[in-house]
Amino acid sequence: RLSSDYHVLVLAAPAIAATAEPGQFVMVRTSTGSDPLLRRPFSVFEILRQRDGSPYALSLLIKRVGPGSTRLCDAAVGDQYACLGPLGKPFEVVSPPSDAWIVAGGVGLAPFATLAESRQKRGTTTGLFYGGRSERDLFYREWFVSRGVRLELATEDGSAGVPGRVTTPLGLALDSAPRDRHVMIYACGPEPMLKAVAGLAQTHHRPSQVSTERI
């Protein structure tokens, strides 16, 4: 439990954890009945490993929204859920000399823990542009810092980082970045944010990859 609305759910799904790549997702059936009828998509957040490095579980970063996500937020140890995955096209992970710039809005942080770990193994310089309505919506900051990720924060109420949307510090960074600096931009969040990030990337002639979700 991160807050009343945000939770991290760990699922003992070693087969999925062993094959999931950064940016992929799973489809979870949140009920054994017909309400809700359809599975719900969730990005793979963390891959949890044994001491020998073998994966034994994965986690999901969940925001309480409707009946399905509420059931998952209220899950108890031992509950079982049908989980299908990994699904979707994974991110293309860049290596030096390219930098990785991650842009996350709220729960859009979810696909980037695995990406941060993957780029850490490659030694890729990484920055996280992380935005939310307030500081209370910004989680796992220390986790990313401990893995060598530079943080740039933005909040709509000005309680942390730059006041405004996350595209504000991203735009400033793109304006000041040398033209010969290789940068790959990754983004996940609300669709208007993804459109804005892709537009900024195109304006500055930078490649971008966005993680989209529409049920």
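Biologist: Which strands does helix α5 lie across?

Modeller: This is a predicted model. One reads such packing from the contacts and from the angle between axes. Here helix α5, residues 167-176, lies across β7, β8, β9 (150-155), β10 and β11. The helix runs at about 160° to β7.

Biologist: In what order do the strands of the open sheet follow one another?

Modeller: An order is read from strand to paired strand. In this model the open sheet has six strands, ordered β10-β9-β8-β7-β11-β12, and the pairing is parallel. At the edges stand β10 (162-163) and β12 (208-211), each of which pairs on one side only. Between β7 and β11 there are six bridges in the parallel sense. As for individual residues, Asp-99 stands opposite Val-183 of β11.

Biologist: How many residues does the largest nonpolar core have, and which have the most contacts inside it?

Modeller: A core is read as a set of buried nonpolar residues joined through their side chains. The largest one here has 27 residues, and those with the most contacts inside it include Leu-109, Phe-112, Leu-115 and Tyr-186. At least two residues each come from β7 (99-105), α3 (112-122), β8 (126-132), α4 (141-145) and β11 (183-188). The largest share, four residues, is that of α3. Another core, of 16 residues, lies apart from this one; Leu-9, Val-44, Ile-47 and Leu-58 are among its members.

Biologist: Which residues of α3 are buried, and what covers them?

Modeller: The buried residues of this helix are Phe-112, Ala-113, Thr-114, Leu-115, Ala-116, Ser-118 and Arg-119. Their cover includes β4 (46-49), β7, β8, α4 and β11. Leaving aside residues up to four places away in sequence, Phe-112 touches several others, among them Phe-91, Ile-102, Phe-144 and Cys-188.

Biologist: Why is Arg-122 classed as partly exposed?

Modeller: The class follows from the relative accessible area: buried means under 20%, exposed over 50%, and partly exposed in between. Arg-122 has a relative accessible area of 40%, and is therefore partly exposed.

Biologist: What does Arg-122 touch, beyond residues up to four places away in sequence?

Modeller: Arg-122, which is found in helix α3, touches Val-93, Val-94, Ser-95 and Pro-96. Its side chain reaches the backbone oxygen of Val-93 at 3.3 Å. Just after the helix, Gly-123 takes a positive phi of about 80°.

Notes:
Residues are numbered from 1 along each chain as its sequence is written. This is a predicted model: local features need pLDDT of at least 70, side-chain atom pairs count only at pLDDT 80 or more; totals for chains, interfaces and linings use all residues. Side-chain values use heavy atoms; hydrogens and water are left out. A nonpolar core is a set of buried Ala, Val, Leu, Ile, Met, Phe, Trp, Tyr and Cys residues joined through side-chain atoms within 4.5 Å. Buried means under 20% relative accessible area, exposed over 50%, partly exposed in between (1.4 Å probe, protein chains only). Contact means heavy atoms within 4.5 Å. A polar contact is a pair of N or O atoms within 3.5 Å; within protein, one must be able to donate a hydrogen and the other to accept it, and residues adjacent in sequence count only if both atoms are side-chain atoms. Two strands pair if DSSP finds at least two bridges between them. Axes are lines fitted to C-alpha atoms, for helices over the stretch in contact, and angles run from 0 to 180 degrees between N-to-C directions.
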